[in-house]
Amino acid sequence: MPEVKIYGPLGFDLDKSKFNSYLTVKLESGDNTLADVIDQLTARYGVKVKEELLDAEGNLDHAYGIFNDGERVPGLSAQVEDDAELVVVVMLGGG
Amino acid sequence: MHDKKIAWIDLTNRTVKSETIPMEWRRKFLGARGLISYLTWSLTDGKSDPWSPEAPLLIGAGWMTGMPSFGGRTFIGGLSTNKQRVGIGTVGGHFGAEMRYTGFDLLVIRGKSETPVYLNITNDNIEFLDADYLWGLEVRETQEAIRNYLDDHEIRSLVIGPAGENGVRMSPILTGWKNAGGAGWGAGWLMGDKKLKAIAAHGTGEIKLAYPNEYLSWMKEQQDLLLTRKWVKALGRYGSPLLYSVSNSGGWVRSKKTDIPLGKRQEAITADKLDPYTLRMAACDSCPAHCRHSHYISEGKYAGTMGEGPEYSGVSGGGAGHEILDIEAILALTDQSDRAGITVLGGGLVGEINSLMQEGLLTEEDVGYYVDWGDADALSKLIDDVAYRRTPFGDALADKEDAPKRLPPAVSDWVGVYEGGIRGHRANMGGVKSFPLAQMVNVIPSYSKTNRPGMDVLGLPEKFLEEFYGGKVSNDYRSYEGKDRMVWFHEMMYVIGDCLGICRFLTIFNCPHAPKFEEYIELIRLTTGMDFSMEDLWEIANRIITIERLTQEQHGFGSRQWETLPEMWKAPITGGVLAGDSLDPVKVDEFLDGFYKLHGWDSNGVPPKELIKKLGIAKAKKL
């Protein structure tokens, strides 16, 4: 099953118990796209997920980076394998 | 805004002359970095020695510092002790604002005192006070001692620690608990060489605004807008250490031990691990983001550790870079360095000893003890050995003149790389092409944010980028396409922000929707009543950068032959998602051609006479 790690304020906003930790979410296996993953997160944590991760047109908001094994997931239609470990983090400029 | 003064301070004779900053200088250089670079160039020539009494140390508050703005930075400058370039450093905190309230915007400090001295700046007055009672004190102790001695707890001070007093090459000038600037070019050492321990300021004067009501209303809108931005909210909650999760997840920062990203091993030092130690998030003057952790460790090995930070570079270059995957150790080492007034975990030379030893370039016999990966105790010992020059190795590493003779050759080579401004990135950082390319052409190598286009990693749509940058730019950070334009554009935007005292984190470093020239024009108009056009700001930016280039050139460094990259960055990356990637020398040459052309410099990277004339560049006549 895919696993999503959400770093930064969003993880804490979705689960206030995640003090001193990022939020880890295990999702249902299946033929998932990134859009499906976001739908599952929304079903579990509410509309805040989409408000943060999507822009006004419903596309991925560039303010966030979603990475899979070092590669940026390019868009909502990208396939997410069952063994994927996604990282979601607000994009801050490179250091 | 127009009544602020420049003070000409002579430490040898203990005299001060002051005058209102000429409007012509404001028109051409705005403030802070612009004025500092102009005066450094004007006051020096190819024969200038940073250790001569005539060598200037300049302190400048941003033109918008001390008011509601986008941060309120203070700039430190002078002739760099490393390769004789312009040295510029910047600190956050509150010193610059306090200095502006005294009526002074810029200090030009020359001469040398025979005995330790400090400056006490009050409204329109600067006095020299005996610093015997401060000499030898740590950074925080010094500031507290000044407040107690002068019985004024609203004083803000810019100080050096023991490392600056001891002539340590990597010592910055500091204010508050952790704000440090100029370490890469030895600013603290320069101040210590003048026997100047501190500059204290407390003013009660005004900053007169051209349109105060309109300004406050406009600025509130701007700050409210910023506070809706996701990256600003993230900075306010987790500070710059959150950046490490971005760069590690993206694969473009590596552990020095493995040359690959830490991957899951990052989890020990992610920003959220700071939560148990964070008392609050603090802000620099006038900043809406409040991105710095005030921390305290209450129990365990590091009980009693208290300070501010760490920043991204402390977690990344320092912690991850040296396999110190222990957030408490990172906090403790950061605080120890800040107290001694030395840069270590922020990517300093001392930390590199760890890497050099693992590579067999240094031995236990050379250093006096073994420094293993992740050995925070050994690094702690090394910090004091260098800051206090208390062992032969620490003394040699701290020293400028003797280091090449007293250190093993490979270490001396690395010292040379360090002096070229390559700090904290001993691991191969050739993955994000624009980062090493930017550093290669950086006019102030010790100040890596001079031109680093942090936005390159955001992957924004290319159509948007073309409109934003005014030319085609690839949105793939691995590509070279348009990166000359990208680096140039950020360099030009940043220098104007530096003149105004704006924090880099609230510029387009992080996001294209941050304040830029359009907002700067309105900011200047509402506060000063002076009108600048977009063309004016582009010209001012190029004028300042070209002057910084000319300062390099007058010492023989301002041309293409000096735009080189260290071998470690040219080598193929050995692991991770970027494995096999390397910098292509042909593409690097093409980058240089494009970058020079955008600045109007010739193909050798030298500003031609026609450009110098067009930009109205000439040294100040009577100083």
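A: In chain A of this predicted model, consider contacts between residues at least 6 apart in sequence: 55% of them join residues at least 24 apart. The elements of chain A are three helices and seven strands. Along the sequence they come in the order β-α-β-β-α-α-β-β-β-β. Chain A has a radius of gyration of 12 Å, close to the 12 Å that the globule rule gives for 95 residues, so chain A is as compact as a globular protein of that length. Taken along the principal axes, the box filled by its C-alpha atoms is roughly 30 × 25 × 25 Å. As for burial, 41% of the 95 residues of chain A count as buried.

The helix pair is in chain B. Two packed helices are described by the angle between their axes and the distance between the axes. For helix α2 (residues 32-43) of chain B and helix α22 (residues 534-554) of chain B, the angle is about 35 degrees and the axes are 9 Å apart. The crossing of α2(B) and α22(B) is left-handed. On the side of α2(B), the residues that meet α22(B) are Arg33(B), Gly34(B), Ser37(B), Tyr38(B), Thr40(B) and Trp41(B). On the side of α22(B), they are Ile540(B), Ile544(B), Ile547(B), Glu548(B), Leu550(B) and Thr551(B). Sorted by class, the contact between α2(B) and α22(B) holds six nonpolar, four polar and two charged residues.

Conventions: Residues are numbered from 1 along each chain as its sequence is written. Chains are lettered from A and ligands numbered from 1 in the order in which they are written. This is a predicted model: local features need pLDDT of at least 70, side-chain atom pairs count only at pLDDT 80 or more; totals for chains, interfaces and linings use all residues. Helices (H or I, at least four residues) and strands (E, at least two) are DSSP runs, numbered from the N terminus. The radius of gyration is taken over C-alpha atoms; the globule rule is 2.2 Å times the number of residues to the power 0.38. A residue is buried if 20 or more other C-beta atoms lie within 10 Å of its own, exposed if 12 or fewer, and partly exposed in between; C-beta atoms are placed from the backbone. Two residues are in contact if their C-beta atoms, placed from the backbone, lie within 7 Å. Axes are lines fitted to C-alpha atoms, for helices over the stretch in contact, and angles run from 0 to 180 degrees between N-to-C directions. A crossing is left-handed if the near helix is turned anticlockwise from the far one by less than a right angle, and right-handed if clockwise. Ala, Val, Leu, Ile, Met, Phe, Trp, Tyr, Cys and Pro count as nonpolar, Asp, Glu, Lys and Arg as charged, and the others, Gly among them, as polar.
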